[in-house]
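Subject: Structure handover

Hi,

Here is the model I said I would pass on.

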Amino acid sequence: MTIASKGVLDNLIVSSDAYLDENYSTQLSQIMFSINSLIYSQYFSKKAFQNFTREELDLFMDSFVDEGSIVDIYDFKYRNEATLDYNIEDKLSNIKAKTSVTCSSEDHYFSTEFDIYPLKDKIENLRIDIFDAQDFVYKDDYSMFENLFKEFLEEFKK
């Protein structure tokens, strides 16, 4: 998700009259519903829109929004602000351990071009694996990671 999108999410939260109320209201829950709908809609690639029916997309959306409905809006705002304000780029060269980064080719929070591949210049022992989100996110199949992680961890057995 872009910095601009994260700023929009922050604006959605603070624009509510209920945001600073002492009681957690249904209005705040409705804002979280809207935010989760917005976030999840960005997960869908062009392939997803072409390969899934409207009913399947609705089911995926409902499931994600349901999971997100238990997120506290104040916690969400804090985490969103942290991604906007905290930059650790100058500390990445301190990482000396062998490191594995696994990322979706279509991730909306992190761009392989701007966020993942530049890590190669900053982290010495870095392994990057890029996967197709459609194979994972929409099938909820974690098995594709099993060999990646086993192979990476195997080196530490020696």
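First, the ground rules. This is a predicted model, so local features need pLDDT of at least 70 and side-chain atom pairs count only at pLDDT 80 or more, while totals for chains, interfaces and linings use all residues. Residues are numbered from 1 along each chain as its sequence is written, and side-chain values use heavy atoms, with hydrogens and water left out.

**Overall layout**

The protein has eight helices and two strands; these are DSSP runs numbered from the N terminus, with helices being H or I of at least four residues and strands E of at least two. Along the sequence they follow the pattern α-α-α-α-α-β-α-β-α-α. Of the 158 residues, 32% are buried. Here buried means under 20% relative accessible area, exposed means over 50%, and partly exposed is in between (1.4 Å probe, protein chains only). Taking contacts between residues at least 6 apart in sequence, 69% join residues at least 24 apart; a contact means heavy atoms within 4.5 Å. The protein exposes about 10,800 Å², and carbon and sulfur atoms supply 53% of that. Those areas come from the Shrake-Rupley method with a 1.4 Å probe, and for residues only the protein chains shown count as cover.

**Cores**

I looked for nonpolar cores, each a set of buried Ala, Val, Leu, Ile, Met, Phe, Trp, Tyr and Cys residues joined through side-chain atoms within 4.5 Å. The largest one has eleven residues: Leu-9, Ile-13, Ala-18, Tyr-19, Leu-28, Ile-31, Met-32, Ile-35, Ile-39, Ile-73 and Phe-76. Helices α1 (3–14), α2 (26–41) and α5 (73–85) each supply at least two of its residues, and α2 gives the largest share, with five. Apart from this core lies another, of eight residues, including Leu-92, Val-101, Leu-119 and Ile-123.

If you leave aside neighbours within four places in sequence, Leu-28 is in contact with Ser-16, Ala-18, Tyr-19, Ile-73 and Tyr-74. Ile-39 sits in helix α2 and is buried, at 5% relative accessible area.

Together with Val-8 and Leu-12, Leu-38 makes a nonpolar surface patch of about 210 Å². Patches use residues with over 30% relative accessible area and no salt bridge, where like charges are joined within 9 Å and nonpolar side chains (Val, Leu, Ile, Met, Phe, Trp, Tyr) within 5 Å.

**Rings**

There are four aromatic pairs. Rings of Phe, Tyr and Trp (its six-membered ring) pair if their centres lie within 6.5 Å; planes under 30 degrees apart count as stacked, over 60 as edge-to-face and the rest as tilted. Phe-131 and Phe-145 are edge-to-face because their planes are at 90°, with ring centres 4.9 Å apart. Phe-131 is in strand β2 (residues 126–131) and Phe-145 in helix α8 (residues 143–154), so this pair ties together parts 14 residues apart in sequence. Phe-131 is buried at 13% relative accessible area, and Phe-145 is buried at 9%. Phe-152 and Phe-156 also make an edge-to-face pair, with centres 5.4 Å apart and planes at 65°. Ring pairs link Phe-131, Phe-145 and Phe-149 into a cluster.

**Salt bridges**

I get eleven of these, a salt bridge being a side-chain nitrogen of Lys or Arg within 4 Å of a carboxyl oxygen of Asp or Glu. One of them joins Arg-54 and Asp-58 at 3.4 Å, N to O. Both lie in helix α4 (residues 54–68), four residues apart, which is about one turn of the helix. Arg-54 is exposed at 61%, whereas Asp-58 is partly exposed at 35%. Lys-91 bridges to Asp-90, with the closest N and O atoms 3.7 Å apart, and Lys-157 meets Glu-154 at 3.9 Å, N to O. Asp-10, Lys-77 and Glu-81 are linked in a salt-bridge network.

Cheers
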